Amino acid sequence: MEQSVPIHFPHWHRRAYAILGLLVLFGVMVAFATTIGSVQISFLTTSSILLSKLPFVDMNPTWTSALETIILEIRLPRVILAGLVGAALAIAGATYQGLFRNPLADPYLIGVAQGAALGAVVGFVLPIDWQWLGLGIVPLFAFIGALLSVVIVYNLARVGKTIPVTTLILAGVALGALWGSIVSYLIITSGEKMHGIIFWLMGSFSLTQWSEVKVVLPYVVVGVVVILLYSRSLNVMQLDEEQAQQLGVNVERLKLILLVAATLITAAAVCFVGTIGFVGIIIPHAVRLVWGPDYRFLLPLSVLSGAIFLILADLVARTALAPTEVPIGVITAICGAPFFLYLLRRKKRAVFF
Amino acid sequence: MVKLELQSVWLGYGGNVVVKDLTFQVMPGEMVGLIGPNGSGKSTIIKAISRVISLYSGKILLSGKDVSKMPRGDLARLLGVVPQMPLLPSAFTAFEIVLMGRNPHLGLLQYEGARDMAITWQAMEKTATHTLAERRVGELSGGEIQRLVIARVLAQEPKSILLDEPTANLDISHQVEILDLIKNLCLENKLTVVAALHDLNLASQYCDRLILINNGRVHAQGTPREVINPANIKEVYGAESCVYPHPVNGLPVVLPNAGYGGGARNNGN
């Protein structure tokens, strides 16, 4: 009965090596991004400082404690948060695309971003300053706004016990438009707070601290693990809901679990740094183009590519016009829009989704 | 080996009753054909047995267990479905699609192992789809996709198979090829097979029993010889026809009578 498959699948090995390769690239990217900044520090010194903090590594410091503070307390948290947010947005985008079987889906299609934006703007406008569990009022309201938005969309779209995907997307787009108009109204009436609001909406990693990483990290880790567990089910979902059910997938439960997981990590990702567009849509598509549509590989590859991409984008954002910071949303859109046009014009391998 | 039983099943969509008081049984190793006009409820019955839609009333039992109370994973290990004109994601390879048949056998933390690969490969060899293994689904023809979906059902290793118009849009050689394959599986592995077929001649050649459905009710059921006759066809389809025994195996064959009187051109008038 046991019989080996007479063809072997080189692309499976290729994808496994790709995961390893991207992991290495991610490490190098972290070191590279922390090396660059207004104070000149060599790549070697930066790498040594970073490596010395890893477990089981024993090194004699040949650097000053000031340099260590710059690397570990100022640059590293910013780089790590950029990586986390990139990973979160990319895997959330891939998940929404798979769940809705819609190549245009991204973390913002069902109103998550607009909900977060509305929450954040309300937080800016309210004349109170208040903290809860290390969350300022703006990130807290952004987080709540994102979740609340999805809860409303989910309940609007529900028909009995099922959630038709088309209704969900339509409800999300409609609610997003409503939130968007309220945000616009609040912005023009916000007076001197307008600049801060607009900067938040375009996204920025400036002044990131470890405390923010600590808030975002658990949501992203739990969300990513949950989504990865269901990667095979997401593959089966690509058939259609009827076939997925006939292959043993509890479709409605899967939709709920993945919607909650992807929304939680999106909300956590955007609450401090603002609504960064395009990552959730271009990273999964780029991964598909190179390594194919199999979600068991697509999801981990998206996590790593998203992290690397946003670290790089943030590096450009803070160095291109230094000392002025460019909003990171501008950078991702500059990379994202031409990439989309390229996808549109690419006729040779039209079927990649 | 499992037995499939439907006990006075009522089905429909949004309050519209489509299938009324349906009762039948299928034994292991038996292939039963559902026949009837378009819209008579054949696909609805397939969907209800595979729990894609729920019942208005009645009971569906598979191996004595109520299908509506079975977890989906358990049901998918017992029952495989070949849908009518399945949509497949075009960027996946043929092998990846067939491998999805292993899904109900794997837990949340399991990846497909060597055994799953081997079962998948055998399923592809049986359906002659192994030569397509690395091709993308978007490049395949309708007949190849149909065979691929049957390979996926084989990889699922079910005890019972439901087919919804498995030969629709196939040419005559592929129709015979696919039904031969299913019939052999049914006999060899003592599978319980239900096939919705619109081609009465194919249904008659392959099925042990036929259930003729009209407006959601059973009009006649029995062996092809009992069900396929001009009277039943006239009553259900409203079409005049002649029924003859097949010259090779003696099973009934339907020849429709052309409405304009037939043969006029041959008479030279």
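Reply: A residue is buried if 20 or more other C-beta atoms lie within 10 Å of its own, exposed if 12 or fewer, and partly exposed in between. Keep that cut-off in hand for what follows. The model is predicted.

Start with B:Glu165. Its phi is near 50°, a positive value in a residue other than glycine. Most residues other than glycine have a negative phi. B:Glu165 sits in a loop of chain B, between strand E7 (160-164) and helix H6 (172-188). Is B:Glu165 buried or exposed? B:Glu165 has 21 C-beta neighbours inside 10 Å, so it counts as buried.

Chain B has another such case. B:Asp21 is not a glycine either, yet it has a positive phi of about 50°. Here the setting is a strand: B:Asp21 lies in E2 of chain B. B:Asp21 counts as partly exposed because it has 14 C-beta neighbours inside 10 Å.

In chain B, 4 strands form an open sheet, and their order is E2-E1-E4-E5. The pairing is antiparallel. Strand E2 (16-26) and strand E5 (65-66) of chain B stand at the edges. Each has a single partner strand, so one side of each is left without a neighbour in the sheet. At the E5 end, strand E4 (residues 57-62) of chain B is joined to E5(B) by 2 bridges. These two strands run antiparallel. B:Leu61 has B:Asp66 in E5(B) as its bridge partner.

Next, the boundary with chain A. There, 26 residues of chain A are in contact with 29 residues of chain B. On the chain A side, the elements that give two or more residues are helix H9 (231-237) and helix H10 (241-246). H10(A) gives the most, with 4 residues. By class, the residues on this side of chain A divide into 11 nonpolar, 10 polar and 5 charged.

Chain A itself has 14 helices and 0 strands. From the N terminus on, its elements run α-α-α-α-α-α-α-α-α-α-α-α-α-α. The C-alpha atoms of chain A fill a box of roughly 65 × 60 × 40 Å along the principal axes. For 353 residues, a compact globule would have a radius of gyration near 20 Å; chain A has 21 Å, which agrees. Of the 353 residues in chain A, 45% are buried. Take the contacts in chain A between residues at least 6 apart in sequence: 75% of them join residues at least 24 apart.

One helix pair shows the packing in chain A. Two packed helices are described by the angle between their axes and the distance between the axes. For helix H4 (residues 112-125) and helix H5 (residues 137-157) of chain A, the axes come within 6 Å and cross at roughly 145°. The crossing of H4(A) and H5(A) is right-handed. From H4(A), the residues that meet H5(A) include A:Val112, A:Gly115, A:Leu118, A:Gly119, A:Val122 and A:Phe124. From H5(A), the residues that meet H4(A) include A:Ile137, A:Phe141, A:Ile144, A:Gly145, A:Leu148 and A:Ser149. The contact of H4(A) with H5(A) has 14 nonpolar, 6 polar and no charged residues.

B:Glu165 is a buried loop residue.

Methods:
Residues numbered from 1 in each chain as written. Chains lettered and ligands numbered in written order. Predicted model: local features only at pLDDT ≥ 70, side-chain atom pairs only at ≥ 80, totals over all residues. Rg over C-alpha atoms; globule rule 2.2 N^0.38 Å. Contact = placed C-beta atoms within 7 Å. Pairing = 2+ DSSP bridges. Nonpolar A, V, L, I, M, F, W, Y, C, P; charged D, E, K, R; others polar. Axes fitted to C-alpha atoms, helices over the stretch in contact; angles between N-to-C directions. Left-handed = near helix turned anticlockwise from the far one by under 90°.
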